[in-house]
Amino acid sequence: MWMYEKKLQYPVNIKNPNPKLAKFIISQLGGPDGELAASMRYLNQRYAAPYGEIKGLLTDIGTEELGHMEMISAILYQLTRNLTPEQIKASGFDAYFVDHTTGIYPASASGVPFSAAYFQSKGDPITDLVEDMAAEQKARSTYDNILRLADDPDVRDVIKFLREREIVHFQRFGEGLRITQDNLNSRNFYACNPAFDKNCGRNCRRRMS
Amino acid sequence: MDRDKLFRTIQMYGFAIDEIVLYLDTHPNCQHALNYYHKYNELKREAVEEYNRLYGPLTSRQVKSREKWTWTNEPWPWERSAD
């Protein structure tokens with residue numbers, strides 16, 4: 001069960017509306033490496049996690065990603081406030097505007113709506129954790145690209161915070177992978193799947209070595 | 001109170017609060033509902049406090065141990081039918 005806290009994880013205070021920036025920052029809401037995909041990936045993968053540490057990690061990072069979704073949405077909201085039809089046309093925000101006005105809709109920078117096809121839940125903890133590590137790096141690259149394009153310091157400050165969180169999550173998932181492998185047969189991590197095969201893990205390792 | 005009974009009590013208080021919160025969202029001036037909210041919020045707070053002390057955390061911010069991180073202890077909610 002989840003509880004909502006009426007605060008952002010890190011403050012978002014953007015003084016100048018700028019729909020040009022919103023057009024590509026939206027990818028971190030509903031794009032292939034965005035925060036919604038991240039949250040759904042981890043929260044759905046939890047059920048195949050065989051150890052308490054991994055269940056905790058996926059729960060806690062999946063929950064934090066929901067908070068990041070809210071921060072990206074706050075950026076988009078603040079970048080698209082008080083726009084005139086002229087500003088909307090001049091900025092190229094018109095294609096989004098005609099479908100959603102200035103409402104927040106999860107889509108990629110190229111306008112593709114969010115899809116669960118952006119993530120996998122494979123039911124195999126090594127596979128899932130390796131995907132999670134790659135996902136954090138892909139999100140980090142996306143934030144690096146956003147920083148190459150965005151000049152507003154109010155926006156850059158928040159994007160830099162989110163970029164750092166990707167690096168921390170990557171580190172934690174790496175440790176989660178290590179914990180998982182330490183529970184498996186050190187001569188062959190792939191001998192069995194601890195999320196599916198019976199007696200796969202600590203006992204298995206003792207018997208097989 | 002034994003663990004399962006206390007847990008079930010917290011679950012009932014929690015749901016009572018979930019319900020009254022929705023009602024108060026659209027009836028913010030209903031004194032009767034507001035009294036109900038405060039009553040069950042307090043009952044739940046006391047029950048959760050006791051649960052944390054005797055059995056462990058329900059959120060990652062309720063770990064009482066100074067020696068061991070108990071948040072990741074098993075089972076997780078989807079692993080036992082009582083939840």
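Helices here are DSSP runs of H or I with at least four residues, numbered from the N terminus. The structure shown in these views is a predicted model.

**View 1. Helices H1 and H6 of chain A at the second largest pocket.** Helix H1 (19-25) and helix H6 (94-100) of chain A each contribute at least two residues to the lining of this pocket. H6(A) gives the largest share of that lining, four residues. In total, 15 residues line the second largest pocket. Those that lie nearest its centre are A:Ala95, A:Tyr96, A:Ser108, A:Ala109 and A:Gly111. By residue class, the lining consists of eight nonpolar, five polar and two charged residues. The space in the second largest pocket is about 240 Å³.

**View 2. Chain A as a whole.** The secondary structure of chain A consists of nine helices and zero strands. Along the sequence this reads as the pattern α-α-α-α-α-α-α-α-α. A box of roughly 70 × 35 × 30 Å, taken along the principal axes, holds the C-alpha atoms of chain A.

**View 3. The interface of chain B and chain A.** Eleven residues of chain A and seven residues of chain B take part in the contact. In chain B, the residues that lose the most area to chain A are B:Thr72, B:Trp76 and B:Trp78, which together make up 61% of what that side buries. The area buried between the two chains is about 750 Å², and carbon and sulfur atoms give 60% of this area.

**View 4. Polar and charged pairs between chain B and chain A.** Two salt bridges are counted between chain B and chain A. In one salt bridge, B:Glu79 pairs with A:Lys55, and the closest N and O atoms are 2.3 Å apart. The side of chain B that touches chain A is made up of three nonpolar residues, one polar residue and three charged residues. Three residue pairs are in polar contact across this interface, with both residues of a pair at pLDDT 80 or more.

**View 5. A salt bridge within chain A.** Side chains of opposite charge can pair when their charged atoms come close. Here the side chains of A:Lys15 and A:Asp154 form a salt bridge, with an N to O distance of 3.1 Å. This pair links distant parts of the chain, as the two residues are 139 residues apart. A:Lys15 is in the segment before H1 of chain A, whereas A:Asp154 is in helix H8 (residues 153-182) of chain A. Over all chains, a search of the whole structure finds 13 salt bridges.

**View 6. A cis peptide bond in chain B.** The bond in question runs from B:Glu74 to B:Pro75 and is cis, with omega near 0°. B:Pro75 is located in the segment after helix H2 (31-54) of chain B.

**View 7. A positive phi angle in chain A.** A:Asn82, a residue other than glycine, has a positive phi, near 55°. A:Asn82 is found in the loop between helix H4 (52-79) and helix H5 (85-91) of chain A.

Note on methods. Residues numbered from 1 in each chain as written. Chains lettered and ligands numbered in written order. Heavy atoms only, no water. 1 Å grid on protein atoms, 1.4 Å probe; cavity = no way out; pocket = protein on both sides within 12 Å on 5 of 7 lines; lining within 4 Å. Points joined across faces, edges and corners; volume = space filled by probe spheres on them. Nonpolar A, V, L, I, M, F, W, Y, C, P; charged D, E, K, R; others polar. Contact = heavy atoms within 4.5 Å. Buried area = accessible area lost by both parts, 1.4 Å probe. Salt bridge = Lys/Arg side-chain N within 4 Å of Asp/Glu carboxyl O. Polar contact = N/O pair within 3.5 Å; in protein donor to acceptor, adjacent residues only side chain to side chain.
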